[in-house]
Amino acid sequence: MSKISLLIVLFCSVLFFGTDTAKQVESSTQKLQKLIQPPYLKAGDTVAIVAPSGILKNRQAEVQRAVKLLESWGLHALVGKHVFSQDNHFAGTDLERCEDFQKAMDNPTVSAIWAARGGYGTVRILDKLDYTQLKKNPKWLIGYSDITALHNDFHNEGFETIHAMMCTSLTADETGLDQTIATFKKALFGEPLAYTLKGSNYNKVGVVSAPIVGGNLTMLHTMLGSKSSIDTSGKILFIEEIGEYKYHVDRMLQSLKRAGYFNNCAGVLVGDMTKMRKNTTAWGSSIEQLILDALSDYDFPIAFNMPAGHEDDNRAMILGQDVELVVGKDQSTVQFSK
């Protein structure tokens, strides 16, 4: 349905039936809207490597390994002009990082945009980006952690994206990266993704089929109240985190909850909670119980042990794509629709 047609329907709904019915029409229309799936890659395609966030100091070797990895798959790599630029904490100034990312979005020969690393800084360029050319020539966004900010914006602009490893994952010691690399390749080339997760007594059992969204919890919380916040209604929310105190995690979940983030959520998939920091005052329960307590008002399924986030085993996921989530105490399964 076009925007003009939608406005006409909403106007007529308000005129004849009142605002409640109009909201129902708008909600139903939004549910019918399907995200754009960029073309999966094939041999000969080009992947742009950019650094929209933290500085890549002494990380040339990892980026070179990323280039070689892409080439081993028959792809071409295009490294952004400012990837190794330095501006204090960041990989170049905001304008330089934005320039590289914008050029990658606008370049019709680029099929995917791969973040070299996360860290912090992506939020500073969000409002400078123009998605006009991307909508004419869709391409994949790849990354995790701080790149969650871009995943959110791409989602709100109507695109599926790939939550997966970044260039800096490719250290000299690749122990434990087998599935990280293999599932990244599968996602990139359009092969089916399906995962069987370790069981957990903390799991809240249930079955749901819905689109999956989300990423790093801190970034989801940071986006709250802005145009980059995502609507989780009817969707499965994936969360992961690194280096936080438990009370920080609880505070973020409580903030999201008070903002209505979980009111119509279809389910929650919990990834790695890595390097949790110890506070001088002990929290008193596990991170799993903390999450269950924060979400105790809701009856949707909750699955723990998704191997995705800031560990070596970081399985790829296609955000915005429909998945079937089956949650049990002994195991859970995550099946992407492709």
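**Terms and their grounds**

Author: Glycine 199 is found in the loop between β6 (194-198) and β7 (206-216), where strands are DSSP runs of E with at least two residues and helices are runs of H or I with at least four, numbered from the N terminus. The model is a predicted one, in which local features need pLDDT of at least 70 and side-chain atom pairs count only at pLDDT 80 or more, while totals for chains, interfaces and linings use all residues. Residues are numbered from 1 along each chain as its sequence is written, and side-chain values use heavy atoms, with hydrogens and water left out.

Reader: Why is glycine 199 called partly exposed?

Author: Its relative accessibility is 29%. Buried means under 20% relative accessible area and exposed over 50%, with partly exposed in between (1.4 Å probe, protein chains only); glycine 199 therefore counts as partly exposed.

Reader: Which residues are in contact with glycine 199, its neighbours within four places in sequence aside?

Author: They are Asn305, Lys329, Asp330 and Gln331, contact being heavy atoms within 4.5 Å.

Reader: What makes the pair lysine 257 and aspartate 297 a salt bridge?

Author: A salt bridge requires a side-chain nitrogen of Lys or Arg within 4 Å of a carboxyl oxygen of Asp or Glu. Here the N to O distance is 2.9 Å. Lysine 257 belongs to helix α9 (residues 246-258) and aspartate 297 to the loop between α10 (287-294) and β10 (302-303), so the pair ties together parts that are 40 residues apart in sequence. Lysine 257, at 19%, counts as buried, whereas aspartate 297, at 57%, is exposed. Elsewhere, salt bridges that share partners join Asp94, Arg97 and Arg124 into one network.

Reader: How many salt bridges does the structure hold?

Author: It holds nine. One of them joins glutamate 62 and arginine 59 at 3.0 Å, N to O; glutamate 62 is buried at 10%, and arginine 59 is partly exposed at 24%. Another joins glutamate 99 and lysine 103, with closest N and O atoms 3.1 Å apart. Both of these residues lie in helix α4, four residues apart, about one turn of the helix.

Reader: How do you know that the length of helix α4 agrees with its residue count?

Author: The expected span is 1.5 Å times one less than the number of residues. For the 13 residues of α4 (residues 94-106) this gives 18 Å, and the end C-alpha atoms are 18 Å apart, which agrees. Among its buried residues are Asp94, Arg97, Phe101 and Met105; the buried residues pack against elements including β1 (46-50), β3 (110-115) and α6 (148-157).
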